[in-house]
Amino acid sequence: MRDDPAVIARARQGDHEAMAALVAEHSSAILTVAWRMLGDRAAAEDVAQETFLAAFRALPGFRGEARFSTWLYRIAVNRCRDVLRARAHRREIAADAPGEDGDSSVEPVGTSPEHRTPEQVLLDRQQASQVADALVRLQPIYREAFVLRHVEGLSYEEMSEVLGVDGGTLRMRVYKARKELSHELAALAVR
Amino acid sequence: MDHDPELLVQRFLDGELDRAGRRALLDRLGRDAALRERLLADEAMLEAVAGLPRLAPSDDFVARTLVRLADTPAQPPEPVARNAARPRRAPRWLQVAAAASLLVAAGYWAGRTATPPAAPPGLVGLAEAPVEQVVVRLVLVEPTARTVAIVGDFNGWDPMRSPLERLNQGVWTATLELPPGRYHYQFLVDGERWIADPLAQETTFDGFGAQNSVLDVGA
């Protein structure tokens, strides 16, 4: 995600056009993180909206030492934690995993439907569903580290800013997540 | 260089292997079929994850977000100027009482809790192990305020997370459990007025012209 200090400064002045530009620039990343964390597109959209609202309300307190995108990730991750805690409190298991969204409009990145047979499309969709389901089954602290590292491509330094946890701990969390996912997906023969 | 094979694989997957490490890994992979299998499984998994779809915003996502923003309490276009940001002064006796309250509270709650009920939502992750927590009480005198919240590093600068409780005679207070560290924060009065803590021992500029208070929670 790109940070544009001039746009951020204008948003701080209450410029709605600048705010809209920031939402447009960052929304896909925030939506994707929330989706992978929560396994639920509707909840992800709520979290993404709340993330931007919280960010705009708090822009006067934004110190500019961290990147705006890092700051957004941090707010979004915290919002996701709140949702997950509330779910745990209600003893509800997320049944609305990404693969079960029934959203056929979403295609894996980098694939072109017209170049695949219907069987291949179905296979890819089933595989994506299994991967997404396995991701949602990870413990939240491993899931959030893994998502930031391997879905969003953040460096450990950036992740440390987002999660407030040192790099060594984050490496261990990502390692555990990778190990668990590999084990689970190998058992499902997603290879 | 640590040539533990598991560590080599993890560093490889993180793109953090130097040349010597890569050579050590290749050498190891040539001799260890099980390690090759594991690395292939990890690579296949990461490839599958990389192929997952991203979630694009719906066409009206931006518009709906801005509408919701308009429906929430307005934010001043600029952090309130330093003079205007000062909270309305309470009678001198009340300020002294509040300051005394802060000192007493700080003294009273100097102890630490080894097993907090929950990690604060801001900087700290979902705790894997008990994290030492320090109980801190913050006080603000704002007799005319309807609501006061504290926002800072420890709660992701979220005005909804840490509301202050109104006590008698316009004294507002909040008690926080924080891990040792250095935090920046402000008070948000009536959802629209950002002010630095007049009782803070230290303030700092946030780089955008506003003033943050600094809270040093000792280890």
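Student: Where does Pro198(B) lie?
Tutor: Pro198(B) sits in a loop of chain B, between strand E7 (193-195) and strand E8 (202-205). Keep in mind that this is a predicted model.

Student: Is Pro198(B) buried or exposed?
Tutor: Buried. Pro198(B) has 20 other C-beta atoms within 10 Å, and 20 or more is the cut-off for buried.

Student: How far is Pro198(B) from Val139(B), C-alpha to C-alpha?
Tutor: Their C-alpha atoms are separated by 9.5 Å. Along the chain the two are 59 residues apart.

Student: OK, and Asp4(B). Where is that one found?
Tutor: In the segment before helix H1 (5-13) of chain B.

Student: Buried or exposed?
Tutor: Asp4(B) is exposed, because 12 other C-beta atoms lie within 10 Å, and 12 or fewer counts as exposed. The C-alpha atoms of Asp4(B) and Leu25(B) are separated by 9.2 Å. Those two residues are 21 apart along the chain.

Student: Zoom out. How many helices and strands are there in chain B?
Tutor: Chain B has 6 helices and 9 strands. Of its 219 residues, 30% are buried. Take the contacts in chain B with a separation of 6 or more: residues 24 or more positions apart account for 63% of them.

Student: Pick a strand. How many residues of E6(B) are buried?
Tutor: 7 of 9. Strand E6 covers residues 181-189 of chain B and is mostly covered.

Student: How many bridges does E6(B) share with strand E3 of chain B?
Tutor: E3 (residues 148-152) pairs with E6(B) over 5 bridges, in the antiparallel sense. One bridge to look for: Ala149(B) is partnered by Leu188(B) in E6(B).

Student: And which way do E6(B) and E9 of chain B run?
Tutor: Antiparallel, joined by 5 bridges. E9 spans residues 211-217. Find Arg182(B): Asp216(B) in E9(B) stands opposite.

Student: What about E6(B) and E7(B), how many bridges there?
Tutor: 3 bridges, and the pairing is antiparallel. Phe187(B) has Ile195(B) in E7(B) as its bridge partner. E6(B) and E7(B) form a hairpin with 3 residues between the strands.

Student: Which residue in that hairpin takes a positive phi?
Tutor: Asp190(B), with a phi near 55°.

Student: Switch to chain A. How many helices and strands?
Tutor: 8 helices and 0 strands. Read along the sequence, the pattern is α-α-α-α-α-α-α-α. Chain A has 191 residues, and 47% of them are buried.

Student: What is the average pLDDT of chain A?
Tutor: The average is 82, and 77% of the residues score at least 70. Over residues 99-113 of chain A, the pLDDT is below 50. Beyond near neighbours in sequence, that stretch has 23 contacts in the model.

Student: Which helix of chain A has the highest confidence, and which the lowest?
Tutor: Helix H6 (residues 140-151) is highest at 95. Helix H5 (residues 118-137) is lowest, at a mean of 78.

Student: Start of chain A now. Which residues of helix H1 (residues 5-12) are buried?
Tutor: Ile8(A), Ala11(A) and Arg12(A). Seen down the axis of H1(A), the buried residues fall within an arc of 105°, so they line one face of the helix. After H1(A) comes Gly14(A), with a positive phi near 90°.

Student: And H3(A), why is it largely enclosed?
Tutor: Because 14 of the 17 residues of H3(A) are buried. Helix H3 (residues 41-57) should span 24 Å at 1.5 Å a residue, and its end C-alpha atoms are 24 Å apart, which agrees.

Student: What about Asp46(A) in that helix, how many C-beta neighbours inside 10 Å?
Tutor: Asp46(A) is in helix H3 of chain A. It has 15 such neighbours, so Asp46(A) counts as partly exposed.

Student: Last one. How many residues has the largest nonpolar core?
Tutor: 89 residues. Those with the most contacts inside it include Ala34(A), Ala44(A) and Val131(A). Helix H2 (residues 16-38) of chain A gives the largest share of this core, 11 residues. In soluble globular proteins, nonpolar side chains tend to be buried together.

Technical notes: Residues numbered from 1 in each chain as written. Chains lettered and ligands numbered in written order. Predicted model: local features only at pLDDT ≥ 70, side-chain atom pairs only at ≥ 80, totals over all residues. Core = buried A, V, L, I, M, F, W, Y, C linked by C-beta atoms within 7 Å. Helix = DSSP H or I, 4+ residues; strand = E, 2+ residues; numbered from the N terminus. pLDDT = per-residue confidence, 0-100. Contact = placed C-beta atoms within 7 Å. Arc of directions from axis to C-beta. Expected span 1.5 Å × (residues − 1). Pairing = 2+ DSSP bridges.
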